[in-house]
Amino acid sequence: MASTDTRAAPPHAATQSSVKWASQLSGYMAGTGEVAIRNQVKVDAALRAFLCATALVAVIVMVTSKQTIHIPVSPVMTISVPAKFTHSASFTYLVAALSMTFLYGMITGISSYSALKKQGRSSTEQQIQFVIYDSLMLGIVASATGAGGGVAYEALKGNPHIRWNKICHIYDIFCRHLGFSMSVSLLSSMTLLALVWLSVCALAKNSGRR
């Protein structure tokens, strides 16, 4: 057996610990028997509802992030300089990805709930479809979050090497919206990852019964 002493744990020990934890959690979630199968479907439906909620919140926060500052150019004249998500292709991509994720979560959530009500479990074909489409959505949301996060970081810190100035000390409200939206979209990515993992565990147990 692997030692549980963590006083000077090397990298491979941390990896073994993570694998052991994931294995235990997998066994808890998948379980055995019809009750465990129904619980798995309930968790799936709940995660999809949470996915819809996080995607919707992230979109709302992002699209309401507009802020306008007024710069004086003379004693009697000022110019208005707005900042909004449409000024960046990365933020537009994030809004589009999260909007699609919200619709996807609604559709698959209804499908998962219908399977629970009708037969108390998801079919193997449905679980395979969930793995494929959840993985696709995970890639889209993760890439959109990464792209948006990169631009948001430049807005916060700037980049003197290419002469991009930071703007968050000026557009403080706009940047707070960006930061919150990025955080919530990261939750959406984690939820999709959990859904993929849940479906794979269920498929693994179903194949083990054959």
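Contact here means heavy atoms within 4.5 Å. The model is predicted: local features need pLDDT of at least 70, side-chain atom pairs count only at pLDDT 80 or more, and totals for chains, interfaces and linings use all residues. Residues are numbered from 1 along each chain as its sequence is written, and side-chain values use heavy atoms, without hydrogens and water.

**Exercise 1.** Describe the surroundings of Arg48.

Step 1. Arg48 lies in helix 2 (residues 33–63); helices are DSSP runs of H or I, at least four residues, numbered from the N terminus.

Step 2. Arg48 has a relative accessible area of 0%, and therefore counts as buried (under 20%, 1.4 Å probe, protein chains only).

Step 3. Leaving out residues up to four places away in sequence, Arg48 touches Tyr104, Gly105, Thr108, Gly109, Ser112, Phe130, Asp134 and Leu195.

Step 4. The Arg48 side chain has a polar contact of 2.8 Å with the side chain of Asp44 and one of 3.2 Å with that of Thr108. Such a contact is a pair of N or O atoms within 3.5 Å; within protein, one must be able to donate a hydrogen and the other to accept it, and residues adjacent in sequence count only if both atoms are side-chain atoms.

**Exercise 2.** State how strand 1 and strand 2 are joined.

Step 1. Strands are DSSP runs of E, at least two residues, and two of them pair if DSSP finds at least two bridges between them.

Step 2. Strand 1 (residues 67–74) and strand 2 (residues 77–83) run antiparallel, joined by 7 bridges.

Step 3. They form a hairpin with 2 residues between them, and Ser74 stands opposite Met77 in strand 2.

Technical notes
Buried < 20%, exposed > 50% of the residue type's maximum accessible area, 1.4 Å probe, protein only.
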